[in-house]
Amino acid sequence: MKRGIILAAIIVLASVQVFAQDDYYRKKAESYTREAEYYQRKADNYRREAEYYLKKAAGYEREAAYYLKKGDTRQAQTQQNYAKNAMGNAKTQMRYAKEADDKAAMYLRWAADALRHR
């Protein structure tokens, strides 16, 4: 009888540990998913910022064309420089967006791995 109780206790303890381990991996996967969502939002914000800089660059290009038409080459060159800087900023934002996308993908892979351990 004692053996049966001890055996039952061991089975119960082993199953509790399995459930606890499953819960650990589930929570880990949820945490990784939240991180992935965070980085995806960051990537979206970086892309929005890049769009803003592209619009600014287009505006500067229009201004440069206007000043060239007026014969003010100095101001046209200044506007061209502004456009060039805005394009550089847009490229930087797109690079940041790609890095954030990569991090989001990494966290999603980790979440999938955590779920496979269950």
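Trainee: Before we start, what counts as a salt bridge here?
Mentor: A side-chain nitrogen of Lys or Arg within 4 Å of a carboxyl oxygen of Asp or Glu. Keep in mind that this is a predicted model.
Trainee: Fine. How many salt bridges does the structure hold?
Mentor: Eight.
Trainee: Let's take D23. How far apart are the closest N and O atoms in its salt bridge with R26?
Mentor: They are 2.3 Å apart.
Trainee: And where do D23 and R26 lie?
Mentor: Both are in helix α1, which covers residues 2–70. They are three residues apart, about one turn of the helix.
Trainee: Which salt bridge does D23 form with a lysine?
Mentor: The one with K27, at 3.5 Å from N to O. D23 and K27 are four residues apart in helix α1, again about one turn.
Trainee: Why does D23 count as partly exposed?
Mentor: Because its relative accessibility is 26%, and partly exposed runs between under 20% for buried and over 50% for exposed.
Trainee: What about R26 and K27?
Mentor: R26 is partly exposed at 30% relative accessible area. K27 is partly exposed too, at 48%.
Trainee: Changing topic. What do the side chains of D44 and R47 do?
Mentor: They meet in a salt bridge, 3.0 Å from N to O.
Trainee: Why are they separated by about one helical turn?
Mentor: Because D44 and R47 are three residues apart in helix α1.
Trainee: Back to shared partners, then. Which residues do such salt bridges join into one network?
Mentor: D23, R26, K27 and E30.

Notes. Residues numbered from 1 in each chain as written. Predicted model: local features only at pLDDT ≥ 70, side-chain atom pairs only at ≥ 80, totals over all residues. Heavy atoms only, no water. Helix = DSSP H or I, 4+ residues; strand = E, 2+ residues; numbered from the N terminus. Buried < 20%, exposed > 50% of the residue type's maximum accessible area, 1.4 Å probe, protein only.
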